[in-house]
Amino acid sequence: MIRLAIQKSGRLSEDSLNLIRECGISFINSSLKLKTEATNFPLEILFLRDDDIPGYVADGVADIGIVGENVLVEEGKQQLSIQKLGFSKCRLSIAVPKAAEYRNIQDLQDKNLATSYPNLLQAYLDEQGVKAHIHTISGSVEIAPSIGLADAICDIVSSGSTLISNGLREVESVFRSEAVLISNQELSAEKTRILNQLVFRIQSVRKAQK
Ligand code: PRT
Ligand code: ZN
């Protein structure tokens, strides 16, 4: 039996469950339960907050998991990634108030930036040779400039409509992300065999979709 951690409720949940179903794996999904067992494959599914998934997989509480690369890399656990999954595509971008003067990244020198992704943002600023003040906040990042908390933000964007409705303009793309399958690095031979079967099915599903 292998243990898979997926997001309990959020943007990854539905597509994660659909992928498992498309692999021909059946299970009963009650929204109240924290775990469920597949009926026709040696798989147990744990439902967790997405931020907790890389840590649980690294520690072996779960054997494998599905999470956004943005969360995985922010937590410094990119080495766990084994297969891109093609859904939940988004980007981590820097945005400034619509009316702000912005020519290039140097304009952020010594400015205040609000984000929930301090590590990814710091790595990008270092690469660009820009020193700025990063303020880590856990939510509602988009409103930080309008309440005077920051000059710019760095947040996840997909359609861009949240930025527009908060009077912000996307100026730099810091990181591109999609959902990935991750794995503990010390799986038993038996679990490795089950994982290989699962990955084979996932790859077949993805090929059929192309
Ligand atoms: O409760 P839990 O901690 O499990 O969930 P969460 O609230 O932390 O995460 P959730 O469900 O919002 O997102 C899970 C993952 O989905 C993220 O880590 C990304 O990998 C991916 N993803 C894809 C997104 C988006 N698209 C997205 N648009 N995550 C967040 N957003 C938010 C963004 O933060 C912003 O507020 O949507 C808004 C922007 O969307 P647009 O379409 O207006 O640009
Ligand atoms: Zn989260």
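Guide: First a term: strands here are DSSP runs of E, at least two residues long, numbered from the N terminus. Also, this is a predicted model.

Visitor: Okay. Which element gives the most to the shell around ligand 1?
Guide: That is β9, with three residues.

Visitor: How many residues surround ligand 1?
Guide: There are 21, and the closest are G10, G68, C90, S159 and T162. Elements giving two or more residues are α3 (69-74), β9 (152-157) and α5 (161-165).

Visitor: How does the shell around ligand 1 divide into nonpolar, polar and charged?
Guide: Five residues are nonpolar, eleven are polar and five are charged.

Visitor: Where does ligand 1 lie relative to domain 1 and domain 2?
Guide: Between them, because both domain 1 (2-88 + 178-209) and domain 2 (90-176) give residues to its shell.

Visitor: New topic. What is the strand order in the open sheet of six strands?
Guide: The order is β2-β3-β1-β4-β11-β5, with mixed pairing. The edge strands, β2 (35-37) and β5 (81-84), each pair on one side only.

Visitor: How do β1 and β4 run, parallel or antiparallel?
Guide: Parallel, with two bridges joining β1 (residues 2-7) to β4 (residues 64-68). A5 stands opposite G65 in β4.

Visitor: Which strands does helix α1 lie across?
Guide: Helix α1 (residues 13-22) lies across β1, β4 and β11 (179-183). Its direction is at about 150° to β1.

Visitor: Last one. Is I53 buried or exposed?
Guide: Buried, because I53 has 29 C-beta neighbours inside 10 Å, and the cut-off is 20 or more. I53 is found in helix α2 (residues 53-59). Beyond its neighbours within four places in sequence, I53 is in contact with A5, L48, G65 and V67.

Conventions:
Residues numbered from 1 in each chain as written. Chains lettered and ligands numbered in written order. Predicted model: local features only at pLDDT ≥ 70, side-chain atom pairs only at ≥ 80, totals over all residues. Near = placed C-beta within 6 Å. Helix = DSSP H or I, 4+ residues; strand = E, 2+ residues; numbered from the N terminus. Nonpolar A, V, L, I, M, F, W, Y, C, P; charged D, E, K, R; others polar. Domains from an automatic or database assignment. Buried ≥ 20, exposed ≤ 12 C-beta atoms within 10 Å, placed from the backbone. Contact = placed C-beta atoms within 7 Å. Pairing = 2+ DSSP bridges. Axes fitted to C-alpha atoms, helices over the stretch in contact; angles between N-to-C directions.
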